[in-house]
Amino acid sequence: MYTNATEMLKKAKAGHYAVPQININNLEWIKAALEMAQELNAPIILGVSEGAGKYMCGFKNVADMVKNLIGFMGITVPVALHLDHGSYDACYACMDAGFSSVMFDGSHYPIEENIAKTAELVKVTRERGISLEAEVGSIGGEEDGVVGTGEVADPAECKMIADLGVDMLAAGIGNIHGKYPENWAGLSFEALDAIQQLTGDMPLVLHGGTGIPEDMIRRAIELGVSKINVNTECQLSFAAAVRGYIEAGKDLHGKGFDPRKLLAPGVEAIKASVKEKMTLFGCVGKA
Ligand SMILES: [Zn+2]
């Protein structure tokens, strides 16, 4: 069922679990994510960066592919299609293309400008029935040129953005995109707790979900994180599985070169990663 992310995140926040945002890259990625969500009876958010949108030949094509697959595969669990780290213009492009959810990342603007642009988008997304994620910028991160701590947001600024009426809020709590450095200081639960206290029912979003230890993920969910973005993890498991197939020489036997066979282990690997995350996040059976 194609829907926005508002209800699924309200339910997640109230039920103390998190919905994964699985970033998609192609047909195989969408198919794998949808298959697993349906199998586990779990809600899912499919994330698309501007770069991935270009790669998949435009936001319209992505939205059409996702909707067509939902129909063809008979997917009944709630599925949202979400723009990841969108610019102001990309938010409009995705709304026009048929996305059900967008993230406006105004974290690089001064807070006043972030508030003004986010407020404008709250109005437009509400009119169109689309859910909106906003992001609050950092108050630090780098020490001596070494990034051992991720960005940490100011709770008061988080409250200002939350009060505009967004549906979900991304705020740095020491998390980092991509692979975590060896000297990573871990998530700041003090910051998360302060943000959660001020923003109340607002579903909080944790970016950079790959490589955060499981106990930290569980604690973050307890403290109000309701959406966790997973991107790098699926890419790593896909690549490892396809590498294994080729290194075993399987593409050289019979019709092993058939792309449907060549990419099949990668699809299974994505499905396994999605299953692992859904189980950890507690959203299995919550559709
Ligand atoms: Zn992110």
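So, let's start with α2 and α12: they're oblique to each other, since their angle is neither under 35 degrees (roughly parallel), nor over 145 (roughly antiparallel), nor 65 to 115 (roughly perpendicular). Helices here are DSSP runs of H or I, at least four residues, numbered from the N terminus. This is a predicted model, where local features need pLDDT of at least 70, side-chain atom pairs count only at pLDDT 80 or more, and totals for chains, interfaces and linings use all residues. Residues are numbered from 1 along each chain as its sequence is written.

Helix α2 is residues 27-40 and helix α12 is residues 264-281; their axes come within 9 Å and cross at roughly 45 degrees. Axes are lines fitted to C-alpha atoms over the stretch in contact, with angles from 0 to 180 degrees between N-to-C directions. The crossing is right-handed, meaning the near helix is turned clockwise from the far one by less than a right angle.

Who's touching whom? On α2, the contact includes Trp29, Met36 and Leu40, and on α12 it includes Val267, Ile270 and Met278. Contact means C-beta atoms, placed from the backbone, within 7 Å. Overall, the α2 and α12 contact has nine nonpolar residues, one polar and five charged. Nonpolar is Ala, Val, Leu, Ile, Met, Phe, Trp, Tyr, Cys and Pro; charged is Asp, Glu, Lys and Arg; the others, Gly among them, are polar.

Next pair: α4 (residues 59-73) and α5 (residues 88-97) have axes that come within 8 Å and cross at roughly 40 degrees. So α4 is oblique to α5.

Note on methods:
Helices (H or I, at least four residues) and strands (E, at least two) are DSSP runs, numbered from the N terminus. Two residues are in contact if their C-beta atoms, placed from the backbone, lie within 7 Å.
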